[in-house]
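Student: I would like to learn how to read a structure like this one. Could you take me through it?
Tutor: Gladly; let us look together.

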Amino acid sequence: MAPRKRIHRNRDLPPFLYHNKKKGYVLSLVNGKRKVISKVRAEAIIIANEYNRLKRSTTVLDKLLDEGYSSTSFSDVVDQIVERMLEDKNPGKNLRSTWLNDAQRIKAFFTMSGSDISLADVTEYMDAYHSGASNNVYNRKLSFLELVFDYAKDIGEMDSNPAALKIKKPKEAKMRKALDIAHFEKIRAAAPIWLKTAMDLTMQTTHAVLEISRIEYKLRKPESGRCGCIWYDTPKQDDTGLIYGELAIHRQKTHKSEASHVIIPINETIKKIVDDSRDNIASPFVVHRLPKTNSNPISKEVRHVTQVVSRNISREFSKVRDKLGLYSTLPLAERPTYHEIRGLSARLIEAQGVDPQKRMGHSDSKSTKVYTKHGKSLSWTQVPNIVV
């Protein structure tokens, strides 16, 4: 097994000697096992040096003479693997960035050959980079490592997937309190027009702040990667009233699944929200405002200077919530955020005897229950006309 690269504070440790916060200094033996040799740094260094001198002086040469031995470091193939993963999975912009960051950690840690990586190495990696993460984040990082190793198996760099043997942590209970309709109305009444528009659209569509921030006043037809209104030349009549067009929502979180492409009828209620959002600001986006200063560069997350960045919508919601003193007895982490409007909307729809799953852009009912219980084609899914 080749020794991995050291972090700065462990540069003085001999090859194959590692420090474990809980156990002390651990030495990787030539038989592949690991042994705690001391909790004292100086003593561990002496023991490791002597062990390496006696046990490894010939084994390295033997391996080099072995035709079947490969000195390739796993870190050498990580870029190739991740490039293929990105092509196959086509993740969204944020997830892509996260994957690339995690890939750098994997490259820095797994410098031994792929066939030498063990469950113990996986445990050390997770402890080194994600020991302080929440259970949910920890599990996502472990799943990513497992996916990388699966691709490594596919190209012959690994015979088994040690990350698949690692037990994931239990799912954490949701901390945030559910938003109720009375507090929603209070926040809405105190909100600026652009935030009020966003809140109303989420309430009627069940969609998250990212999709709401991307809704355009007019689209010619449904397009992947865009959200917007497609207006009929002449309104159509259904059992509940006039339908003025279709609101096409392409949900980014599940952007490649069929469920992520949703068509919502533009009824009187949604049309009024869109109409009331219009002002003297020339903007292609329904949720819009003028930037506070012309000197700031346009965010990479928006397509127009008047488009509101999704996180700013969420921040303004929390700002108004706290200014009104709502949920002030709760810690910040437990106060309902903008995202809880989705749950409120889903519960109100379900109370009408309608399953909100398709409207929310979820690919299975289990995902929808996260909201309602709380208190591979790119075809578009038409959902029924509902007023929340």
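Student: Is Ser-134 buried, partly exposed or exposed?
Tutor: Let me first say what we are looking at. This is a predicted model, in which local features need pLDDT of at least 70, side-chain atom pairs count only at pLDDT 80 or more, and totals for chains, interfaces and linings use all residues. Residues are numbered from 1 along each chain as its sequence is written, and side-chain values use heavy atoms, with hydrogens and water left out. Now the general idea: buried means under 20% relative accessible area, exposed means over 50%, and partly exposed lies in between, using a 1.4 Å probe and protein chains only. Ser-134 has 30% relative accessibility, so Ser-134 is partly exposed.

Student: Where does Ser-134 lie?
Tutor: Helices (H or I, at least four residues) and strands (E, at least two) are DSSP runs, numbered from the N terminus. Ser-134 sits in the loop that links helix 5 and helix 6. Its C-alpha atom is 9.4 Å from that of Lys-171, a residue 37 places away along the chain.

Student: How do helix 5 and helix 6 pack?
Tutor: For packing we use axes, which are lines fitted to C-alpha atoms, for helices over the stretch in contact; angles run from 0 to 180 degrees between N-to-C directions. Helix 5 (residues 119–130) and helix 6 (residues 135–154) have axes 11 Å apart, at an angle of about 135°. Angles under 35 degrees count as roughly parallel, over 145 as roughly antiparallel, 65 to 115 as roughly perpendicular and the rest as oblique. Helix 5 and helix 6 are therefore oblique to each other.

Student: Which hand does the crossing of helix 5 and helix 6 have, left or right?
Tutor: A crossing is left-handed if the near helix is turned anticlockwise from the far one by less than a right angle, and right-handed if clockwise. Here the crossing is right-handed. As for the residues, contact means heavy atoms within 4.5 Å. On the helix 5 side, Val-122, Tyr-125, Met-126 and His-130 meet residues of helix 6 including Tyr-138, Leu-142 and Phe-149.

Student: At what angle do helix 4 and helix 5 pack?
Tutor: The angle is about 125°, and the axes of helix 4 and helix 5 are 11 Å apart. That makes helix 4 oblique to helix 5, and their crossing is right-handed. Among the residues that meet there are Arg-105, Ile-106 and Phe-109 in helix 4, and Tyr-125, Ala-128 and His-130 in helix 5.

Student: Why do helix 8 and helix 10 count as roughly antiparallel?
Tutor: Their axes come within 10 Å and cross at roughly 165°. Angles over 145 degrees count as roughly antiparallel, and helix 8 and helix 10 are therefore placed in that class. Helix 8 passes helix 10 in a left-handed crossing. Residues that meet include Ile-193, Thr-197 and Leu-201 in helix 8, with Ile-270 and Ile-273 among their partners in helix 10.

Student: How many residues does the largest nonpolar core have?
Tutor: In soluble globular proteins, nonpolar side chains tend to be buried together. A nonpolar core is a set of buried Ala, Val, Leu, Ile, Met, Phe, Trp, Tyr and Cys residues joined through side-chain atoms within 4.5 Å. The largest one has 36 residues, and Leu-195, Met-199, Ile-215, Ile-313 and Tyr-338 have the most contacts inside it. Helix 8 (residues 193–205) gives the most to this core, with six residues. A second, separate core of 27 residues includes Val-78, Val-82, Leu-86 and Ile-106.

Student: Which residues does Leu-195 contact?
Tutor: Setting aside neighbours within four places in sequence, Leu-195 is in contact with Ile-313, Glu-316, Phe-317, Val-320 and Tyr-338.

Student: How many disulfides does a search of the whole structure find?
Tutor: A disulfide is a covalent bond between the sulfur atoms of two cysteines. The search takes a pair of cysteine sulfur atoms within 2.5 Å as a disulfide, and finds zero in the whole structure. Cys-227 is buried, at a relative accessible area of 0%, and Cys-229 is buried too, at 1%.

Student: What is the phi of Asn-90?
Tutor: Phi is about 45° for Asn-90, a positive value although this residue is not a glycine. Asn-90 lies in the loop between helix 3 (75–89) and helix 4 (93–109), and is partly exposed at 40% relative accessibility. Phe-16 also has a positive phi, near 75°, but Phe-16 is buried, with a relative accessible area of 9%.
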